[in-house]
Amino acid sequence: MAADAEQRVIDLYERHADAWAYERGDRVVLETEWLDRFTTLLPEAATVLDLGCGSGMPLAGHLIERGCRVTGVDSSPAMIGRCARRFPDHEWLVGDMRTAAPDRAFHGILAWDSFFHLTPDDQRRMFPVFGTRAAPGAALMFTSGPAADVRIGTYHGEPLYHASLDSDEYRELLHANGFEIIAHIAEDPGCGLHTVWLARRAER
């Protein structure tokens, strides 16, 4: 069941894009403190790579309001279409976050509520991608599970795949790819029990 659910994540979000955008809403509520921590690490007019950007709201929109230039990647054409209509002056790419990140460096990389839909092995393979797409001093923020696990949730009555490594392995992968951990809270009660990682690429 897990393998089948992992293969259906992209299709599920594509078919439910309108419902997801409506339910997610346009306002940042729980994520404000973490986004503030993230943007504090960015220079003025920072470039940000948003992996699994969804409809672009509310997180990418929040960053755009603060002067960031956003490049969003999402495997759902319907989600990316929403982004492009709302923010036509920014870059929106239909593609898999594992392979479609543009080959250039960014001041910030965000993978919020998206990275945890990858299998554990695919998550491991993403850390070199983070490292090569991060400019010196760049901020990286992503959400994970609180412990090593594979869980099948549901969305609109359909199975939705989630996976996580354990915290020690995330720490090792971040360190091995040139990142220093700035902040980490497992199941943050101030952020809807999200497990959040905020790191910074070493200056070179």
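A pocket here is an open set of grid points with protein on both sides within 12 Å along at least five of seven lines, and its volume is the space filled by probe spheres set on the points. With that in mind, about 330 Å³ of space lies in the second largest pocket. Please remember that this is a predicted model.

**The second largest pocket**
- Its lining is made of 19 residues, and those nearest the centre are Phe116, Ser144, Gly145, Pro146 and Arg151.
- Two or more lining residues come from each of β5 (134-144), β6, β7 and β9 (194-201).
- Which element gives the most to this lining? That is β6, with 4 residues.
- Sorted by class, this lining has 6 nonpolar, 9 polar and 4 charged residues.

**The largest pocket**
- The largest pocket has a volume of about 780 Å³.
- It is lined by 37 residues, with Tyr13, Gly52, Asp113, Ser114 and His117 nearest its centre.
- Among the elements that each supply at least two lining residues are α1 (2-7), α5 (59-65) and β2 (69-74).
- This lining holds 17 nonpolar, 11 polar and 9 charged residues.

**A pair of helices**
- The axes of α7 (residues 120-133) and α8 (residues 167-176) come within 9 Å and cross at roughly 25 degrees.
- Angles under 35 degrees count as roughly parallel, so α7 and α8 are roughly parallel to each other.
- Their crossing is right-handed.
- On the α7 side, the contact is made by Gln123, Arg124 and Phe127, while α8 brings Glu169, Tyr170, Leu173 and Leu174.
- This contact has 4 nonpolar, 1 polar and 2 charged residues.

Conventions: Residues numbered from 1 in each chain as written. Predicted model: local features only at pLDDT ≥ 70, side-chain atom pairs only at ≥ 80, totals over all residues. Heavy atoms only, no water. 1 Å grid on protein atoms, 1.4 Å probe; cavity = no way out; pocket = protein on both sides within 12 Å on 5 of 7 lines; lining within 4 Å. Nonpolar A, V, L, I, M, F, W, Y, C, P; charged D, E, K, R; others polar. Axes fitted to C-alpha atoms, helices over the stretch in contact; angles between N-to-C directions. Parallel < 35°, antiparallel > 145°, perpendicular 65-115°, else oblique. Left-handed = near helix turned anticlockwise from the far one by under 90°. Contact = heavy atoms within 4.5 Å.
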